[in-house]
Amino acid sequence: MKRSTLSLSLILICGLTPFADAQLKKTPSPAGEWGFKTEKMGYGCALSGEISIKQMADKNYTCSFKAMWGCELRQPRSDETDQTCIATQAGSDITITSKIEKIVKVDPEDMTDLMRQRYAADHFVVKINTRGDEMDGVFHSYGQAPVKFRRKQDLVS
C-alpha cells in the first residue's frame, strides 16, 4: 500500500513540474526594435514600418515609429509618418496608443495638406509570444486589420 502511494506521489510531482515551470516563466518584454506589417485592407492598402519600444517603469513603455501607408487602388498611393506612442503591458497583452508627430511624405505630393488634416494616429492591440520575438494582433485607426510585429535581431559578425 505504501509503495502505490509513493508511486502516485512521484507521478503527480513529475506530471506537475512542466505546469509549474510554465507558471514561473516571465512574460517577455516588448522593449526593443521591431518591424511591423498589416494584412491588406480595402483598396489594397497596408501599413508597415519600424518601431522602437523603450521601458519606462513597470510594464509601461515609450515608443516611436515610422509608418508607411501604401495603397494599390486609391490615392494617396503612400503616406509616411513619424509617430510617438505609449505602450502598456498586462501579461502577454500589449496596447500601443499613438500620436502623429509629422507627416513626412505623401504621394502624390499635392495631397500633403489633406493628409495633415485627415491622417489618424495608428494604434495596435497585440499579444507577445512566449519567445518574445513576435507580436500578433489588430491595427486600428480609420480602418482595422490584423498586424504582425517581428523583433529585429542584432547582426552578429
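**Entry 1: Arg131 and its partner**

I began with Arg131, which is exposed, with a relative accessible area of 60%. The side chain of Arg131 meets that of Asp133 in a salt bridge, 3.4 Å from N to O. I count a salt bridge when a side-chain nitrogen of Lys or Arg is within 4 Å of a carboxyl oxygen of Asp or Glu. Asp133 is partly exposed, at a relative accessible area of 24%. I also noted a network, in which salt bridges that share partners join Glu134, Asp136, Lys148 and Arg150.

A word on what I am looking at: this is a predicted model, in which local features need pLDDT of at least 70 and side-chain atom pairs count only at pLDDT 80 or more, while totals for chains, interfaces and linings use all residues. Residues are numbered from 1 along each chain as its sequence is written, and side-chain values use heavy atoms, with hydrogens and water left out.

**Entry 2: the overall plan**

Next I stepped back to the whole chain. I found two helices and eight strands in the protein chain. Here helices (H or I, at least four residues) and strands (E, at least two) are DSSP runs, numbered from the N terminus. Read from the N terminus, the elements run α-β-β-β-β-β-α-β-β-β.

How do the eight strands close up, and in what order? They form a barrel in the order β1-β2-β3-β4-β5-β6-β7-β8, with antiparallel pairing. Two strands pair if DSSP finds at least two bridges between them. On average, neighbouring strands of this sheet are turned by 25 degrees against each other, direction ignored. For that angle, axes are lines fitted to C-alpha atoms (for helices over the stretch in contact), and angles run from 0 to 180 degrees between N-to-C directions.

I also looked up two totals. Of the 157 residues in the protein chain, 34% count as buried. Among contacts between residues at least 6 apart in sequence, 47% join residues at least 24 apart; a contact means heavy atoms within 4.5 Å.

**Entry 3: strand by strand**

I followed some of the pairings. β1 and β2 pair in the antiparallel sense over six bridges, and Trp34 has Ile51 in β2 as its bridge partner. β2 and β3 are also antiparallel, over eleven bridges, with Lys54 standing opposite Thr62 in β3. β2 and β3 form a hairpin with two residues between them, and Asp58 in the turn has a positive phi of about 50 degrees.

**Entry 4: where β5 meets β6**

β5 and β6 pair in the antiparallel sense over four bridges. Here Asp93 stands opposite Lys127 in β6. Lys127 also forms a salt bridge with Asp93, the closest N and O atoms being 2.5 Å apart. This pair links distant parts of the chain, since Lys127 is in strand β6 and Asp93 in strand β5, 34 residues apart. Buried or exposed, or in between: what are these two? Lys127 is partly exposed, at a relative accessible area of 46%, and Asp93 is partly exposed too, at 36%.

Then I checked Ser98, whose place is in strand β5. Ser98 is buried, with a relative accessible area of 9%. Its side chain reaches the backbone oxygen of Asp122 at 2.5 Å. Among the residues that Ser98 touches are Phe65, Gln83, Cys85 and His123, not counting residues up to four places away in sequence.

**Entry 5: inside the core**

What lies in the largest nonpolar core? I found 30 residues there, and Phe36, Ile51, Ile96, Phe124 and Phe149 touch the most other members. A nonpolar core is a set of buried Ala, Val, Leu, Ile, Met, Phe, Trp, Tyr and Cys residues joined through side-chain atoms within 4.5 Å. β3 gives the largest share of this core, five residues.

Not counting residues up to four places away in sequence, Phe124 touches residues including Phe36, Phe65, Ile96, Val138 and Phe149.

**Entry 6: a helix pair to finish**

My last stop was helix α2 (residues 112-118), which holds both Arg116 and Asp113, three residues apart, about one turn of the helix. Their side chains meet in a salt bridge, 3.6 Å from N to O. Arg116 and Asp113 are both exposed. By the rule I used, the count comes to ten salt bridges.

Notes:
Buried < 20%, exposed > 50% of the residue type's maximum accessible area, 1.4 Å probe, protein only. Polar contact = N/O pair within 3.5 Å; in protein donor to acceptor, adjacent residues only side chain to side chain.
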